[in-house]
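Please read it beside the sequence and the coordinates.

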Amino acid sequence: MPSEFALINRYFKRPTPHSVLGVGDDGAILQPAAGCELVVSTDMLVAGTHFLPNTDPADLGWKVLAVNVSDMAAMGAQPKWALLAAALPAATESWIEKFASGFFACAEAFGIDVIGGDTTQGPRNFCVTIFGEVPAGAALLRSGARPGDEIWVSGAPGRAAQGLAHLQGQALLSEPALTDCLTALHRPQPRVALGLALRGLATAAIDVSDGLLADLGHILEQSGVAATLQLAVSPAPTFEEQCFLSGGDDYELIFTAPADRHAEVLVLGKTLSLSLSCLGQITAGNAAALTVLTLDGAPVTIARRGYDHFAS
């Protein structure tokens, strides 16, 4: 049975070209670029809560890092460094090797140095702390939305939730939707290029982790504003429409931008080959008040806004 340190050296110690010092000492040494601020975030993924126990380890490795990369994208930050803390029920090398392959595939895709972490025995869970750089004063915040701003979302939220529902036996998908939705669930694509391009254009941003309506609600609350959405959904949303509204786990970006920059946002979407959809408008009113209408102006019944870890 390999030791903890043998496992780290074998599967998690890689070159760290963007760091002064990486894995191997009691701490890493980082040197942010001149004129940049550090952006730091952390996320925990727990078996049975954030992923199914039989999830492919390579897919899980990708996702464990990708959800943290998405936080950097939402802040308009360039992800640079990450730490991984992992609890594993056993030192099963075949499982760990596959997990590490997915984790480092994501790190390489986004130019991230993995600079340290910790391992222990216990119920399977993972906690990543990620660091990114952003020019001083240029970070995207949740608190900048203003009345009159338009509300946008990237990609096609709801696919990951449909994939999860299929795996849990709550829905039955067929091809090609099945593969598309499972890919969205297991291999989310953080919108880093979009986040970087939104500096100076977006007034606020957040990633879709708990559900489109729930995460938009955080922008409304932090900005002290309300919103009206007009969407291609039914007054009583179908399963697919409810997944779009509140499914979460997509890691697309919701952002706000001044209405007079609508054309710039459309051009940006074409430049990035990424769908950017205008959902509605920020309005004055009670903080976090949210009105959802159909395209015909009928009110939409919202069963739930999104996921809450501690909701009963």
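A residue is called buried when its relative accessible area is under 20%, exposed when that area is over 50%, and partly exposed in between, with a 1.4 Å probe and protein chains only. The model is a predicted one, in which local features need pLDDT of at least 70 and side-chain atom pairs count only at pLDDT 80 or more, whereas totals for chains, interfaces and linings use all residues. Residues are numbered from 1 along each chain as its sequence is written, and side-chain values use heavy atoms, with hydrogens and water left out.

Helices (DSSP H or I, at least four residues) and strands (E, at least two) are runs numbered from the N terminus. Gly 269 has its place in helix α9, residues 262-272, and it counts as buried because its relative accessibility is 7%. Contact here means heavy atoms within 4.5 Å; apart from neighbours within four places in sequence, Gly 269 is in contact with Leu 274 and Leu 276. Leu 295, in the segment after β10 (290-294), counts as exposed because its relative accessibility is 55%. With neighbours within four places again set aside, Leu 295 is in contact with Gln 230, Leu 231 and Ala 232.

Helix α8 (residues 239-246) is mostly covered, as six of its eight residues are buried, namely Glu 241, Gln 242, Cys 243, Phe 244, Leu 245 and Ser 246. The elements covering these buried residues include α4 (159-167), α7 (212-223), β7 (226-231) and β9 (276-283). Just after α8, Gly 248 takes a positive phi of about 75 degrees.

Two packed helices are described by the angle between their axes and the distance between the axes. The axes of α2 (residues 57-74) and α3 (residues 93-109) come within 6 Å and cross at roughly 35 degrees, where axes are lines fitted to C-alpha atoms, for helices over the stretch in contact, and angles run from 0 to 180 degrees between N-to-C directions. Among the residues making the contact are Leu 60, Trp 62 and Leu 65 of α2 and Trp 95, Phe 99 and Phe 103 of α3. The residues of this contact divide into 15 nonpolar, three polar and one charged, with Ala, Val, Leu, Ile, Met, Phe, Trp, Tyr, Cys and Pro counted as nonpolar, Asp, Glu, Lys and Arg as charged, and the others, Gly among them, as polar.

Rings of Phe, Tyr and Trp (its six-membered ring) pair if their centres lie within 6.5 Å, and planes under 30 degrees apart count as stacked, over 60 as edge-to-face and the rest as tilted. A search of the whole structure finds eight aromatic pairs, including the two tabulated here.

| Pair | Centre to centre | Angle between planes | Class |
|---|---|---|---|
| Phe 51 and Phe 126 | 6.1 Å | 45 degrees | tilted |
| Trp 95 and Phe 99 | 5.5 Å | 10 degrees | stacked |

Phe 51, in the loop between β1 (36-46) and α2, and Phe 126, in strand β4 (residues 125-135), are 75 residues apart, and their pair links distant parts of the chain; both are buried. Trp 95 and Phe 99 both lie in α3, four residues apart, about one turn of the helix. Trp 95 is buried at a relative accessible area of 16%, and Phe 99 is buried at 2%. Ring pairs link Phe 51, Trp 95, Phe 99, Phe 103, Phe 104 and Phe 126 into a cluster.
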